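Morning, everyone. Let me put the structure on the screen and walk you through a few places in it.

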Amino acid sequence: MSEQDTTVIETAEGAELPSDALVVAENVHKSFGRLEVLKGIDLQVKRGEVMCIIGPSGSGKSTFLRCVNHLEKLSAGRLWVNGELMGYRQKRGKLYELREAEIAAQRSDIGMVFQRFNLFPHLSVVGNIIEAPVQVKRVPKAQATAKALELLERVGLPDKADAYPEQLSGGQQQRVAIARALAMEPSLMLFDEPTSALDPELVGEVLDVMRDLAENGMTMMVVTHEMGFAREVGDSLVFMDDGVVVEAGEPAAVLGNPQHERTRAFLSKVL
Ligand code: ADP
Ligand code: MG
């Protein structure tokens with residue numbers, strides 16, 4: 001495909017990275033047909049920061065996370081991760097849409113863990129973890145396997161290397177999903193309600209792994225209903241409603257002294 005075939009966006013002011021934050025979202029809009037789901041999201045996540053995102057169902061939290069790794073194409077606005085303008089290459093003041101393979105390369109720097117454990121059912125735990133490093137990064141299998149075993153140790157599952165997903169509890173599967181994302185050595189980890197589908201007694205073991213990651217400096221964006229986690233582990237807390245950021249700040253401040261009526265109404269239901 002030549003550049004002539006790709007979408008070109010004229011940018012009067014260019015598309016300079018506005019700061020040294022790891023994630024920069026600038027006026028992010030997303031519509032599905034006539035439904036405007038994101039109505040201009042501006043936020044920044046510093047390196048090593050843990051940002052928790054809360055808000056009612058349907059407020060656009062998942063859509064926003066999917067925009068961060070370009071699983072959804074923005075309708076307007078721009079998004080940088082680790083210095084890369086997601087989805088575009090800039091040349092002589094114009095932006096050219098990247099091809100799918102190039103977007104995949106950008107995305108390989110971002111790990112994502114979903115609500116539903118989406119492990120490959122036909123692969124063992126180790127098979128799941130080494131799949132992307134071997135297939136995408138061409139890491140030699142022995143090296144990828146050694147790293148996978150280290151990661152299993154880290155998520156507290158050193159003896160599950162040869163198990164299959166169906167033999168594991170939901171909490172164990174989710175910890176494998178985290179190990180699988182870490183195997184690509186991402187700069188950023190996205191979590192979309194990682195504990196919402198778990199039985200209550202399994203939530204803690206997944207949050208413990210996430211807390212350990214945070215303490216080791218991982219930059220994380222976490223959509224969650226776990227207010228205890230947000231308060232204790234989060235560096236920042238964002239409350240989204242109806243496609244906008246209503247309020248953001250230090251978790252203790254947002255939770256303890258919300259400034260907006262919509263935040264107060266939401267918190268009164270979940271706290
Ligand atoms: P949240 O994660 O905060 O619950 P979502 O981002 O999943 O919210 O959804 C926000 C809105 O966008 C909802 O109204 C949802 O139905 C809509 N939506 C999400 N994905 C799509 C899609 N692929 N096509 C059409 N509508 C969508
Ligand atoms: Mg969601």
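Start with the largest pocket: 22 residues line it. Nearest its centre are Arg107, Ile110, Gly111, Met112 and Ala132. A pocket here is an open set of points on a 1 Å grid over the protein atoms alone, where a 1.4 Å probe fits, with protein on both sides within 12 Å along at least five of seven lines. Lining residues have an atom within 4 Å of a point.

Two words on the source. This is a predicted model: local features need pLDDT of at least 70, side-chain atom pairs need 80 or more, and totals for chains, interfaces and linings use all residues. Residues are numbered from 1 along each chain as its sequence is written, and side-chain values use heavy atoms, without hydrogens or water.

Back to the pocket. Its volume is about 580 Å³, counted as the space filled by probe spheres set on the points, which are joined across faces, edges and corners. Which elements supply at least two residues each of the lining? Helix H2 (100–107), strand E9 (110–113), helix H3 (125–135) and helix H5 (170–182) do. E9 gives the most, with 4 residues. Helices (H or I, at least four residues) and strands (E, at least two) are DSSP runs, numbered from the N terminus. By class, the lining has 14 nonpolar, 5 polar and 3 charged residues. Nonpolar means Ala, Val, Leu, Ile, Met, Phe, Trp, Tyr, Cys and Pro; charged means Asp, Glu, Lys and Arg; the others, Gly among them, are polar.

Next, Arg89. Find this residue in strand E7 (residues 88–91). Arg89 counts as partly exposed because its relative accessibility is 28%. The scale: buried is under 20% relative accessible area, exposed over 50%, partly exposed in between, with a 1.4 Å probe and protein chains only. The Arg89 side chain makes a polar contact with the side chain of Glu102, at 3.3 Å. That term means a pair of N or O atoms within 3.5 Å; within protein, one must be able to donate a hydrogen and the other to accept it, and residues adjacent in sequence count only if both atoms are side-chain atoms.

Now Thr224, in the loop between strand E11 (219–223) and helix H7 (227–233). Buried or exposed? At 4% relative accessibility, Thr224 is buried. Its side chain reaches the backbone nitrogen of Glu226 at 2.9 Å.

Last stop, helix H1, residues 61–68. Of its 8 residues, 6 are buried, among them Phe64 and Leu65. Just after H1, His70 takes a positive phi of about 65 degrees.

Technical notes. Chains are lettered from A and ligands numbered from 1 in the order in which they are written.
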